[in-house]
Amino acid sequence: MKKSLLVTGGAGYIGSHTVLDLLEQNYEVVIVDDLSNSSKKVIDTIKKISQKEDSLFFYQLDLKEYAKLEKVFEEHHFDGVIHFAGYKAVGESVMNPLMYYENNFFSTINLLKLMKKYKVFNFVFSSSATVYKNVPEMPFHEENPLGAANPYGRTKQFIEQILKDLSYSDDHWKIICLRYFNPLGADKSGDLGEDPNGVPNNLVPYIAQVAVGKLSHLNVFGTDYDTPDGTCIRDYVHVNDLAYGHRKALEFIFSQDKGLYEAINLGSGRGYSVFDILHSFEEVVGKAIPYKVTDRRPGDIARSLADISKADQLLGFKPRSDIKEMCQDTWRWQKKHPNGFSEE
Ligand code: UFG
């Protein structure tokens, strides 16, 4: 019999690609998403690409509404849960910390209470590299000290702690927190991809919008870092690799008899500078992408790289896409849908 999974935030960027991967691997998926930062069209697109309409269920609701969420648990028997839903904009979290703490904590706690009540103990949590304390030594290893630098990051860090406490309290729980580095890329169809609200904060969606003519130029935030070309280095990982990382995490959980709690990095293990990404994108697009060098962006660190040996040893996770493929896939999506999901 098919395993049934609850995926919160399944209409978001990483969530939707993960749902697609799970459907292709013959899971039944129930998405719960309030569509506050995504679109109903994502659900229709997943159905179209996967051709698995019968295995996909969707509920538009806010996880903070306990009674409504309980109805979903009453209607479906879940084998596991992947929890993506949450606010995720760093700058917004600095301006409005209460909104972040209220949303990300209350929704997670409701979800965990219902999982306990309905005896669903298999859980994969969408965490972030942002939980790590900034240290000069790279790469970040899972045992590194934590110390998120903004309210958004602290919601991830504190939820990891809540999950650790939960796993100590009851050894039925099997919990994996996946700490992602910098996701990019899109589904090969070109119909599913990242659709940021307003002007993008992140590098690759910004470059893609310059390339398609929606923005005039890229601002390169600082060329005076202690790196080979002076720009910051990040560990970019294809969103499809992240999706497959979630599936591997679930499979690992299903294969274990005993309770477990693990935090695991998901990245590519390779670092690229802002200029590396810009040039790779130019190569894919076939034209120069205008840019201006500006001051550093407050809060940026020179390097962020993942040690991915734990993901390999425990989950058998091996990233499959290189930077060119990530830029090609991002560009296919951007070119086909210059206005994201809001166009049609
Ligand atoms: N950058 C630019 N110009 C831009 C946007 C970004 O030069 O317009 C540079 C940044 O200075 C940085 C690099 O591109 O050096 C990557 O920046 P992103 O904003 O794409 O990614 P971050 O590494 O800052 O952010 C990521 C995730 C966040 C997470 C954060 C901390 O996207 O969700 O890592 O781990 F909080």
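User: Which element gives the largest share of the shell around the ligand?

Analyst: This is a predicted model. Helix H7 (203-211) and strand S8 (218-221) each supply at least two residues of the shell. Four residues, the largest share, come from S8.

User: How do the residues of the shell around the ligand divide into nonpolar, polar and charged?

Analyst: The ligand is surrounded by 19 residues. Among the closest are Leu203, Asn219 and Arg234. The shell divides into 11 nonpolar, five polar and three charged residues.

User: Which polar backbone atom is 2.7 Å from a nitrogen atom of the ligand?

Analyst: Polar contacts are counted within 3.5 Å. An oxygen atom of the ligand is 3.4 Å from a polar backbone atom of Thr130. An oxygen atom of the ligand is also 2.9 Å from a polar backbone atom of Phe221. For the nitrogen atom at 2.7 Å, the polar backbone atom belongs to Asn219.

User: What percentage of the area that the ligand exposes alone does the protein bury?

Analyst: Taken alone, the ligand exposes 690 Å². Of that area, the protein buries 86%.

User: In what order do the three strands of the open sheet with mixed pairing lie?

Analyst: The edge strands are S12 (272-273) and S14 (303-304), each pairing on one side only. Strand S9 (residues 233-234) runs parallel to S14, joined by two bridges. The order is S12-S9-S14.

User: Why does Gln157 count as buried?

Analyst: Gln157 sits in helix H6 (residues 151-169). Beyond residues up to four places away in sequence, Gln157 touches Val131, Leu146, Gly147 and Ala148. Buried means under 20% relative accessible area. Gln157 counts as buried because its relative accessibility is 16%.

User: Is Val29 buried or exposed?

Analyst: Val29 lies in strand S2 (residues 28-33). Leaving aside neighbours within four places in sequence, its contacts include Leu5, Val7, Ser55 and Phe57. Relative accessibility is 0%, so Val29 counts as buried.

User: What distance separates the C-alpha atoms of Val29 and Glu325?

Analyst: Along the chain, Val29 and Glu325 are 296 residues apart. Their C-alpha atoms are separated by 28 Å.

Technical notes:
Residues numbered from 1 in each chain as written. Predicted model: local features only at pLDDT ≥ 70, side-chain atom pairs only at ≥ 80, totals over all residues. Heavy atoms only, no water. Pairing = 2+ DSSP bridges. Near = heavy atom within 4 Å. Polar contact = N/O pair within 3.5 Å; in protein donor to acceptor, adjacent residues only side chain to side chain. Areas by Shrake-Rupley, 256 points an atom, 1.4 Å probe, with all protein chains shown as cover. Nonpolar A, V, L, I, M, F, W, Y, C, P; charged D, E, K, R; others polar. Buried < 20%, exposed > 50% of the residue type's maximum accessible area, 1.4 Å probe, protein only. Contact = heavy atoms within 4.5 Å.
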